[in-house]
Amino acid sequence: MPYFGSEEMVKELKRALSNPNVQADRLRYKNYITKVIRYMTQGLDVSALFMDMVKASATVDIAQKKLVYLYMCTYASDKPDLALLAINTLRKDCADPNPMVRGLALRNMCNFRMPGMTEYIEQPIVAGLRDKASYVRRVAVLGCAKMHSLQPNTDIDGTIVNELYALLRDPDPVVVVNCLRALEEILKDEGGVVINKPIAHHLLNRMKDLDSWAQSEVLTFLLRYRPRSDDELFDILSLLDSFLQSAHAHVAVATLRLFLQLASAHPAVQADALLCTSAPLLATCGAASRELRFAGLCHVQQVMRSQPGLFGTHYKRFFCGYSEPTYIKFRKMEILVELVNDENVALVLEELRSYCTDVSPELAQAAIAAIGRIAQTYSEKCLDILTGLLALKQDHITSAVIQMFRDLVWFCPQSTAAVCQTVEACVDSPQDSEALLWLLGEHGDQISSAPYVMEGYIDGLKTELSSAVKMELLTASVKMFLCRPAETQDMLGRLLHYCIEEESDVCVRDRALLCYRLLQRGVEETRKVVTGPKSDPSMSVLTGRQEEPISQWASTFNTLGPLSGCDLCPQTAVISAADQPSSSAEKELLPESTDVTLSSPDDTEEEISLSLGPPLSHETFEKMWLDLEILQRQTMGFPRPRTALDTLQAALQLVKIQTLAFTPGATVPWKAYIYTRSTGTLILAELLQGDQHAPGIDESLVVSVKQQPVNQHAIRGFVSILKGVLQTLNVDSS
Amino acid sequence: MISQIFILSSKGDHLIYKDYHIIMKHFRGEASKDSINVFYEMVTALSGDQTPVVMSHKDLHFIHVRQGGLYWVASTKTNPSPFTIIEFLNRLAALTKDYCGSLSEKSVRMNFALIYELLDEMVDFGYIQTTSTDILKNFIQTEAVSSKPFSLFDLSNVGLFGAETQQSKVAPSVAASRPIMSSRGEQSGKNEIFVDVIERLSVVIGSKGVLMKSDIQGEIRIKCFLPTSSEMRIGLNEELSIGKSQQKGYSSAVRVDECRFHQAVKLDEFDTFRILKVCPSQGEQTVMQYQLCDELPCAPPFQLFPSVQKDYVNRVLIFLKLRCDLPPKSMSQELSSPDQTAELQPKNKALLWEIPRFPGGAQLSALFKVDVPGLSSASLLEVGPVSMSFELAKQTCSGLQIRFLRLAPTQTGLSQRWVRYVTHSDSYTIRI
């Protein structure tokens, strides 16, 4: 450790500790020992003093003993030979008449992490399990687990396991819980401690004697118990009912999780439990400890995935406090967006509006995004607020607002006119925003000043750094040319000239060439290619509120998952709205053919043709998916391609399979929903990787197919085409 | 299951480090200590407010809380209940405060042997054993080294009655911040018990003075220095009603929306007489938590009358008139203006106006002139909100009172009982 002069210090301490004068003076001696521990904590290597410290352990002063034991536990694995010297003292202490000394010695002896300890500790542990002092029994029970962890690969000692199971009936509550913990560790490879009916009922009856920590732990152990009958189930639930309202948040939440799991077949019971726990959950959201607040908020969010209305009346609890840290404010805003309803929308919006002028740009932008999401339901009120914000002429605010406008137009076409009017009024100063260009291009016919704004961009092209903006500008200009040719022709010419002749970025240059050649083929041809759908209101169904079944999140409830944001449950992401219009150009330029015909490699005599047909809305897909039966489920035998998801989507498009939605790249389980049409039938399919319910085949992709009307021939064809595409991609990426 | 527990100072010094569960051979001592440094790098990589409560490094998850300016961290390899870990860390900090008297880097440094001893009894092999002072006191041998009565007025601690120490009827604010185990020592004879009613107020007042949100989170907290515990009866207002549905009386019915009690509280006399029966153990504990939303029985304690105007080209005039609506004391006091300070904080884009004392019924005003380059009329919309933080002694906004405090007659020796009320501003925001 990088402490200057550490060796000197250790030498000095060694001199002092071995000085007989110091040893005679108990206070001075203890002071030096304290010093050693202090250095140890700071990270200094004081293992050289081990011999002196072993000597110091032979004392009647328990406080000093504890310090020395702490030292020995830390360094025992470095100095196993010297540590053996200490064992004699420890074993003598294990037979001390004072139970505190016995417990202390036993606990620390078990903490020595060095090989060969087992033979020394086994006998004291077995004796400790039968000690009359509960303190010693507690230590001994955990000692069994420690002993097992010293030699993890040895066979499990059946007598100890039986003894531990017997000790579950111990009068001391901590011994009971420690037994559960020790058994769980020892039997880890066999699936942990077995909770059968007598044990479960015994634990339930002891719940009241336990302290809150033990209660929440026992509740977690009870998760693996399945009641035999409904009567038993309801007996258990009524026994635990009072714990839902516990003053300790961790007990209330653990009880709720148990309720949700046990009553998974009784939605009404689940709803009641959620209602009961909403009070303690809300209380944690306002707790003094901000960390606890955060945990509370994260779990409220989980509950709201199934019961968005549960906290609707308590919306004021989620208003941000002035001094709260940003991570809490973000969560609160997310929750506010979810719980908006007709009654509270005005006040929630007013509150969010006040965050938009926050000093922190991130917070302000998040608040604007929140308003933007509410706008998908309550567009009028939100548009007023967003428009008002533009007047502030703050760059970070304006660009966030414009992005919200773009999303709004995409999701709610009915608000297009209002947005265009606002954009018209505000865009006198060009913003560095792709969103604005997209709006101008897509709805140029409704924004009278659009060509002039765009001209500003084209004039400033030489100083523009982002190639994404340039590409967006190209697409937008072409679209604008189609609807207002007279005003746009000249500047489009300049733009194309610049991008083709002077631009160094290959992508921009290619896009410019593409536009140029398209225009060469005539206006009608260009229109067919460039103009995609202007909006897709059905998309908002997936981004909007959907009541998920409780089972979706119950398994991660009260774990670190909701807090850390990783290992989240699958969340279907929607293909970004902005990608759609600009990428439609490339897709259409693929080799001209309405139907792709592929011969399946397995059955050569069967030929199948797929076609895209009219796009399927998300609602229709969802409805059909829920109504139809799975006709075929097949394991592909290989994982999903490691390529980017865009590539996968494009490749599927090539063979006329449309991707509806997929989960983002790294999530497990990974899912994608696809559909296609073939000779009069509609085929829906789900690709799934890493299914929790079937752990054996988690590396392989599973495809489930549904169809209407049924046509087995088409399904076989579809699966083989899909297989072909995925395999090709797999080969490419490896 | 907890793998390590450590306490770091804000500068990253290791104050306490205990590791419970590192599998031997795979990790040597140094390697496992590295995880502290990994944690500290992660926690300082993000600016102050951003650090998430849970962070992961490889398969190790760090969960931390900040208390007393220190990082209290637990690391684990399993996926435990975050509530349990966070509440445990908070409890550890509270116990440290109980045993050391106060919570600061200094007190932790001075009492590290005591804290190791505590941790040793509280957690074994990564499993929480007990956190009750009743049990712990039998095992803790080390005596606390108490630092000098702390001078810094720490906002996170409840500094009570800071101004009125000279009156003999009131306990000095530091009275409750001493180690609970100062046994056999000098000033041990004091058998004191403090019962505090603490309310946190969070209020949003809209731009036109409309009360948009008002919310009280309250608790009754006992800090007990009695060596032996015996039953204590705490009488609350008899007219206290609980729940929204209950009919409200005409006058001063004190009401809370809901309340929750510590599991050791006996409630057999609560329904009829509003009496809590509890055997307090040494140290600090919360016996009752309650909350009240929206309908406050009294007006919010402070009213602000702001006006924002554009003066010259680039100057904003902000005129703030602040009125305290609490009942005035017997003799109204003139506000001593020299103690007030105002400061412009360009980093936070904020104006800080500090008022040391503010008697009830008084009124204060201030005029700020701020030069803003490139001011437009729209920028005036960006002024605000005003956020106030304050502490009201002897005051509860819900009106909850403690009628009496009776200790069982078996109690030997003289015991002093203190009841204290305080209201904090959790978040008191006034829009302009």
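User: Is α9(A) largely enclosed by the rest of the structure or largely open, and how many of its 17 residues are buried?

Analyst: A residue is called buried when its relative accessible area is under 20%. α9(A) is largely enclosed by the rest of the structure, because the number of its 17 residues that are buried is 15.

User: How many cavities of 30 Å³ or more are there in the whole structure, and what is the volume of the largest cavity?

Analyst: Rolling a probe the size of a water molecule over the atoms shows where empty space is left. A search of the whole structure returns six cavities of 30 Å³ or more. For the largest cavity, the volume is about 90 Å³.

User: Which element gives the most residues to the lining of the largest cavity?

Analyst: The lining draws on both chains, including Tyr135(A) and Arg138(A) as well as Ile135(B) and Leu136(B). Two elements give two or more residues each: α9 (134-150) of chain A and α5 (133-136) of chain B. By class, the lining has five nonpolar, two polar and four charged residues. With three residues, the element that gives the most is α9(A).

User: Is Leu210(A) buried or exposed, and what is its relative accessible area?

Analyst: Leu210(A) sits in the loop between α12 (197-206) and α13 (212-222) of chain A. Leaving out residues up to four places away in sequence, Leu210(A) touches Pro173(A), Val177(A), Gln215(A), Val218(A) and Gln263(B). Buried means under 20%. Leu210(A) is therefore buried, with a relative accessible area of 4%.

User: What distance separates the C-alpha atoms of Leu210(A) and Val478(A)?

Analyst: Leu210(A) and Val478(A) are 268 residues apart along the chain. In the model, their C-alpha atoms are separated by 73 Å.

User: Where in chain B is the pLDDT below 50?

Analyst: The mean pLDDT of chain B is 79, and 81% of its residues reach 70 or more. Where pLDDT is low, the predicted coordinates should not be read in detail. That caution applies to the 29 contacts of one stretch beyond near neighbours in sequence, and to the five contacts of another. The pLDDT is below 50 over residues 149-172 of chain B and over residues 183-188 of chain B.

Terms used. Residues numbered from 1 in each chain as written. Chains lettered and ligands numbered in written order. Predicted model: local features only at pLDDT ≥ 70, side-chain atom pairs only at ≥ 80, totals over all residues. Heavy atoms only, no water. 1 Å grid on protein atoms, 1.4 Å probe; cavity = no way out; pocket = protein on both sides within 12 Å on 5 of 7 lines; lining within 4 Å. Points joined across faces, edges and corners; volume = space filled by probe spheres on them. Helix = DSSP H or I, 4+ residues; strand = E, 2+ residues; numbered from the N terminus. Nonpolar A, V, L, I, M, F, W, Y, C, P; charged D, E, K, R; others polar. pLDDT = per-residue confidence, 0-100. Contact = heavy atoms within 4.5 Å. Buried < 20%, exposed > 50% of the residue type's maximum accessible area, 1.4 Å probe, protein only.
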